[in-house]
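Here's a quick briefing for anyone opening this one up for the first time. Have a look at the chains, then read on.

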Amino acid sequence: MAVTPIDHVAKATPPSVASKIRGLSDRTIAWLFVAPTIFLLLAVNIFPLIWTINLSFTNFRANRPNRDVDYIGLRNYERILTDGDIWLTMQATAHFLFWTIVLQVLIGFTLAWLINRKFKGNDLWTTLIVLPMMLSPAVVGNFWTFLYQPQIGLFNYGISFLTGVDPSSFQMIGDVALAPWSIVIVDTWMWTPFVMLICLAGLRSIPDYIYEAAEIDRASKWRQFWTITIPMVLPFLMLAVLFRGIENFKMFDLVVQLTGGGPGSVTELTSINLKREAFEKWRTGYASAYAIILFVTVFGLASIYVKALNKVKER
Amino acid sequence: MSSYSITEPSSRQKWVAGSLVIFYAVITLLPLVWILTTGFKSPVDAIAYPPKVMFEPSLEGYVNLFTTRTRVSQEQLEALPPPATWYEEIVRNRDMVIAGPSRYGERFLNSVIIGFGSTFLSVFLGTLAAYAFSRFKVPLKDDLLFFILSTRMMPPIAVAIPIFLMFRTLGLSDTHLGMILLYTAVNISLAVWLLKGFIDEIPREYEEAALIDGYTRFQAFYKVVLPQAATGIASTAIFCLIFSWNEYAFAVLLTSGTAQTAPPFIPTIIGVGGQDWPAVAAGATLFLVPVMVFTILLRKHLLRGITFGAVRK
């Protein structure tokens, strides 16, 4: 019997599974595709969040699961908001947030601006500069404690080489005055490339003809910088600040490995403090209320910021 | 005559800019170079003052990383048969014998299993969801997408409390499965946002043509869209892998033994009187170098990955 082209087509037609699926409407497929993701996020994010809210009204302690749990209303929240230690933690976090963002924006933008001078080999150097950002903060943070050691540490040696100060005369991590700066330095070292990359994208998005027009109008380079470059890069810069702000508000791994919150509690950022309450003191209910307060703070600040960002973009 | 552009920097400007950037790059790479070199230093060279740039390379750090050792007396040492391998010899020179393998190998393997497992799952689920969000009218689409993103704003420690309790109840504490599911949930927001961007860039006409040719929606998805999105899927996968690879907060709280990954383990490598820095550096080197290689491979999509697709070049 002769094999006709139609038979080939018939053979190539997928088997019954496909024909069952063929019957599915786009709407069903859409739901089938989205459902697993939403389900997973509900199970691992939303359900725990609701559980945390529930726990935050109790005096539950996770290391004594069999003890009776009492609902104590808003007492946990009241205690947190009136606790002086938590305000100290917040101050440490604010110091860390403020200085990391200032330094990263200044250095990151400068670097991006220099790279945008399009010198030979700028791609290679950009890639190399980016490397620290992609590495494990815990592993790198741990190694920085070695670089920060008095005398034998590379950092202390470098400082003494540049300034002539005795390298064993100062301890970046052990000193109350220097420790907050030690975490700022490492975070800036790690994340400046992030701000740099985003600024670079912003600079590259400015079309040449704007500068050409400004040149024809005899605007000075200085004026071009302030009236063209800065306003055009601002939305990108603000986005970078948003990302760094959220990430550093959550900061845990790098600082835990570097200073562990010490000396005393001068570098005890909120996440580290929260970990102590939840997993060392086992005040689960109290820590849950703390977690909710932090989440609301990040979410609130981020929403306000995004509104501001959108206004800048519209201009 | 070559064309002259007023926006092109002068060669002197380029030279100054180039030198400044290279100067910054050299300074910023010093700590990384220090990790690589410390791994090959002997314990004495590692803590020498002033810090040693030139040194005699030694594999002691790597040997210490992979072994546990016990100290023996001189008489015991002399009674032993001569060392059979080069690494035994290194250990014997320190008056010690190898007691067994260290846990580094296991921890590294855990990182590989959990990293690849969660990457596969989040990219698989993420591709499906991203396709649906990109091509279909999903009710409340923007709200769902924002919800997916907002799960990233929570501090990991805040979510860790109920997850700790949940895992304890379900018996998922310190298991590979538990960590894979957890990292998948964290990574999926990145995967959906990135992949949606990549799929949005594939013209709809391709699928429409396939549908007219008699393909089902499903076939159009995996025979037309998937191959087109391959680069995007690959780079998303690498970003997810790097995240799981580097993650520390959940790993340190939810694992202790069987499923512990390398980041919580490496800082606990202890020698005589504190951290054994050459061994720590050796462990860090083996752990960081794969990420460095991936970063170089990814450089074209880097910006997209780190901004959730908000900035594209």
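For chain B, UniProt (unreviewed entry) lists "transmembrane region" at residues 15-36, 112-133, 145-167, 179-199, 220-245 and 277-298. UniProt positions follow the numbering used here, feature names are shortened, and annotations may be inferred rather than shown by experiment. Keep in mind that this is a predicted model: local features need pLDDT of at least 70, side-chain atom pairs count only at pLDDT 80 or more, and totals for chains, interfaces and linings use all residues. Residues are numbered from 1 along each chain as its sequence is written, with chains lettered from A and ligands numbered from 1 in the order in which they are written.

**Listed spans in chain B**
- Residues 220-245 of chain B are 96% helix and 0% strand, with end C-alpha atoms 34 Å apart. (Helices are DSSP runs of H or I, at least four residues; strands are runs of E, at least two; both are numbered from the N terminus.)
- Residues 145-167 of chain B come out at 78% helix and 0% strand, and their end C-alpha atoms lie 27 Å apart.

**Listed spans in chain A**
- The UniProt record (unreviewed entry) also gives "transmembrane region" for chain A, including residues 127-147 and 178-203.
- Residues 178-203 of chain A are 96% helix and 0% strand, spanning 35 Å between end C-alpha atoms.

**Where the chains meet**
- 79 residues of chain A are in contact with 85 residues of chain B (contact means C-beta atoms, placed from the backbone, within 7 Å).
- Helix α3 (residues 26-55) of chain A gives the largest share of chain A's side, 15 residues.

How values were computed: Contact = placed C-beta atoms within 7 Å.
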